[in-house]
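Hi,

Here is the structure I promised to pass on. Have a look at it first, and my notes follow below.

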Amino acid sequence: MAGIKHLYEGLFLLHKQASVDLAAASDHVRGLLERADAEIIAFGKWEERKLAYAIDGQRRGTYLIALFHSTGEKNSELDRDCNLSEQVLRAMITRADHMGEIEINQVKENIEKASDESKLRAESAPAASEDKPAPVEEAGTPAPAPAVEEEAAAPVEAAVPAE
């Protein structure tokens, strides 16, 4: 069945620094998709998360999600390009022919919500740091120790009537 295009969903994990310059990271992944002759339906930032384990020394990563039409032969080229890319830590491409118009629209809405939330976080982050002054410690003053429950110094005696 060469040449038949199917719907695919791609999830791309990029370095944490990709969130700093999200436009360049998005352009890089879009370029990988275009090189594989993919017809992009939806594309955007999914989220930034802590990873379960370190990948190339990275403990956090930025996920980009894409819905696209492509052929199976081109997906193997896309997978190879993702493995060769220094910006893409991992990529997962799955066939999504089961998705109907409703599910595709939901993915598009979720991508828009995620991008709106990230914009709001970026705008509110500087304001939040201005509202809360940093705690100031005086020189030579030790930081308070965390509260720890102390065990009773005296041993617990059984209730025995005195004679």
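Let's start with S26, which lies in helix α1 (residues 22-35). Helices here are DSSP runs of H or I with at least four residues, strands are E runs of at least two, and both are numbered from the N terminus. S26 counts as buried because its relative accessibility is 13%; buried means under 20% relative accessible area, exposed over 50%, and partly exposed in between, with a 1.4 Å probe and protein chains only. Leaving out residues up to four places away in sequence, S26 touches F43 and L64, where contact means heavy atoms within 4.5 Å.

Before you go further, a word on the source: this is a predicted model, in which local features need pLDDT of at least 70 and side-chain atom pairs count only at pLDDT 80 or more, while totals for chains, interfaces and linings use all residues. Residues are numbered from 1 along each chain as its sequence is written, and side-chain values use heavy atoms, with hydrogens and water left out.

Now the sheet. It is an open one of 4 strands in the order β2-β3-β1-β4, with antiparallel pairing; two strands pair if DSSP finds at least two bridges between them. At the edges are β2 and β4 (88-95), each pairing on one side only. From one strand to the next the twist averages 20°, with axes fitted as lines to C-alpha atoms (for helices over the stretch in contact) and angles running from 0 to 180 degrees between N-to-C directions.

Strand β2 (residues 39-55) is joined to β3 (residues 58-70) by 11 bridges, and F43 stands opposite A66 in β3. In their hairpin, with 2 residues between the strands, D56 takes a positive phi near 50°. Another 10 bridges join β1 (residues 6-15) to β3, again antiparallel, and H15 stands opposite G61. Helix α2 (residues 72-84) packs on the sheet and touches β1, β3 and β4, its direction making about 160° with that of β3.

Last, the aromatics. Rings of Phe, Tyr and Trp (its six-membered ring) pair if their centres lie within 6.5 Å; planes under 30 degrees apart count as stacked, over 60 as edge-to-face and the rest as tilted. That gives 2 aromatic pairs. Y8 and F68 are stacked, because their centres are 6.1 Å apart and their planes at 25°. Both residues are buried. W46 and Y63 are edge-to-face, at 5.5 Å centre to centre and 80° between the planes. W46 is partly exposed at 38%, whereas Y63 is buried at 17%.

Cheers
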